[in-house]
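Biologist: Please take a close look at one part of this model for me. I would like to know where it sits, what it touches and how its surroundings are built.

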Amino acid sequence: MNKTTEDKTASAPPPKKKGFSGLHVFGIVLLTIVATLGAGYWWLSHYVFPENFEPVTLNASEQDSLNNKLNTLGIDTQGGEPGSPLQPVPYSEEGASREARFSERELNGMLANNTDLAQRLAVDLSDDLVSALLLVPLEEGFPVLGGRTLRVNAGVELSFANGRPLVKLKGVSLMGVPIPNAWLGNLKNVDLVNEFGANPGFWQSFAAGVDYIQVEDGRLLVRLKE
């Protein structure tokens with residue numbers, strides 16, 4: 001190596017170190033803070049302090065269909081005149097329907113008749129599953145969250161198998177966090193009819209009176225025995 005080459009090598013600047021500059025690090029930290037605050041706001045607004053639900057409003061055709069179903073079940077939807085005398089009729093089961101069919105919209109539409117429930121309870125129907133979203137207002141004196149509203153989500157498997165209804169609690173979530181099975185009495189995924197139906201009580205009577213039950217996407221069917 002000659003002297004000229006040695007001089008060029010000695011005068012060459014040292015290579016720059018690769019990595020994040022202070023400005024880059026500051027930007028990453030700032031972005032992380034913003035993302036965390038955004039995620040926290042979304043979680044609080046959806047699960048800890050949610051707004052009321054928008055009630056389901058049925059159109060005229062849907063309301064007429066629901067009224068006919070309720071009238072068949074003996075529920076007066078016409079709101080008869082106050083004080084008008086009842087007309088006596090002989091009891092008969094001839095031609096009586098033992099089936100009740102409701103859509104998800106109809107169930108939520110019935111809740112809409114009760115303003116408080118319509119804004120705080122919503123029902124979802126999917127295959128073999130009934131889910132409910134419930135907003136629970138807390139009293140002002142409740143520690144920390146007094147005056148706020150909590151979001152509760154629950155799911156129940158509902159189907160028919162081996163000649164009897166099958167009812168299983170799939171779980172309950174509070175503010176989006178699933179509640180441990182132990183806190184639910186270890187009842188998650190337990191067939192309640194099989195577990196408690198052997199003894200006289202609600203579950204035995206319930207199973208004995210149901211001829212068929214089916215839950216599918218957006219629809220519920222219940223057929224009762226004679």
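Modeller: Glycine 209 is found in helix H7, which covers residues 202–209. The model is a predicted one. Is glycine 209 buried, partly exposed or exposed? Its relative accessible area is 27%. Buried would need under 20% and exposed over 50%, so glycine 209 is partly exposed.

Which residues does glycine 209 contact, once neighbours within four places in sequence are left aside? They are Leu224 and Lys225. Take leucine 224. Along the chain, glycine 209 and leucine 224 are 15 residues apart. Their C-alpha atoms are separated by 5.8 Å.

Phe202, Trp203 and Phe206 form one aromatic cluster. Within the cluster, consider tryptophan 203 and phenylalanine 206. Their ring centres are 6.0 Å apart, and their planes meet at 85°. Over 60 degrees counts as edge-to-face, so this pair is edge-to-face. The two residues are 3 apart in helix H7, so about one helical turn separates tryptophan 203 from phenylalanine 206. Tryptophan 203 has a relative accessible area of 22%, so it is partly exposed. Phenylalanine 206 is also partly exposed, at 25% relative accessibility.

The protein has 4 aromatic pairs by this rule. One of them is formed by phenylalanine 160 and tyrosine 212. This pair is tilted, with 5.5 Å from centre to centre and 55° between the planes. It links distant parts of the chain. Phenylalanine 160 is partly exposed, with a relative accessible area of 23%. Tyrosine 212 counts as partly exposed too, at 25% relative accessibility.

Now to the core. The largest nonpolar core has 19 residues. Which of them have the most contacts inside it? They are Phe102, Leu107, Leu125, Ile213 and Leu220. Several elements give two or more residues to this core, among them helix H3 (60–72), helix H4 (104–112) and helix H6 (192–196). S7 supplies the largest share, 3 residues. Another core, of 5 residues, lies apart from this one; Val152, Leu169, Ile179 and Leu184 are among its members.

Not counting residues up to four places away in sequence, isoleucine 213 touches Leu158, Ser159, Phe160, Pro165, Leu220, Leu221 and Val222. Phe160 in that list is the partner of tyrosine 212 in the tilted pair.

At 14% relative accessibility, serine 103 lies under the 20% limit, so it counts as buried. Beyond residues up to four places away in sequence, serine 103 touches Leu125, Gly218 and Arg219. Leu125 is one of the core residues with the most contacts.

S2 also takes part in a sheet. Five strands form an open sheet, in the order S2-S3-S4-S5-S6, with antiparallel pairing. S2 and S6 (177–178) are the edge strands, and each pairs on one side only. S2 and S3 (residues 129–137) run antiparallel and are joined by 6 bridges. Leucine 121 stands opposite leucine 134 in S3. Serine 126 stands opposite leucine 129 in S3. The hairpin of S2 and S3 has 2 residues between the strands, and aspartate 128 takes a positive phi near 60° there.

Last, the whole chain. The protein has 7 helices and 8 strands. Buried residues make up 23% of its 226 residues. Of the contacts between residues at least 6 apart in sequence, 48% join residues at least 24 apart. The protein exposes about 16,200 Å², and carbon and sulfur atoms supply 58% of that area.

How values were computed
Residues are numbered from 1 along each chain as its sequence is written. This is a predicted model: local features need pLDDT of at least 70, side-chain atom pairs count only at pLDDT 80 or more; totals for chains, interfaces and linings use all residues. Side-chain values use heavy atoms; hydrogens and water are left out. Buried means under 20% relative accessible area, exposed over 50%, partly exposed in between (1.4 Å probe, protein chains only). Contact means heavy atoms within 4.5 Å. A nonpolar core is a set of buried Ala, Val, Leu, Ile, Met, Phe, Trp, Tyr and Cys residues joined through side-chain atoms within 4.5 Å. Helices (H or I, at least four residues) and strands (E, at least two) are DSSP runs, numbered from the N terminus. Two strands pair if DSSP finds at least two bridges between them. Accessible areas come from the Shrake-Rupley method with a 1.4 Å probe; for residues, only the protein chains shown count as cover. Rings of Phe, Tyr and Trp (its six-membered ring) pair if their centres lie within 6.5 Å; planes under 30 degrees apart count as stacked, over 60 as edge-to-face and the rest as tilted.
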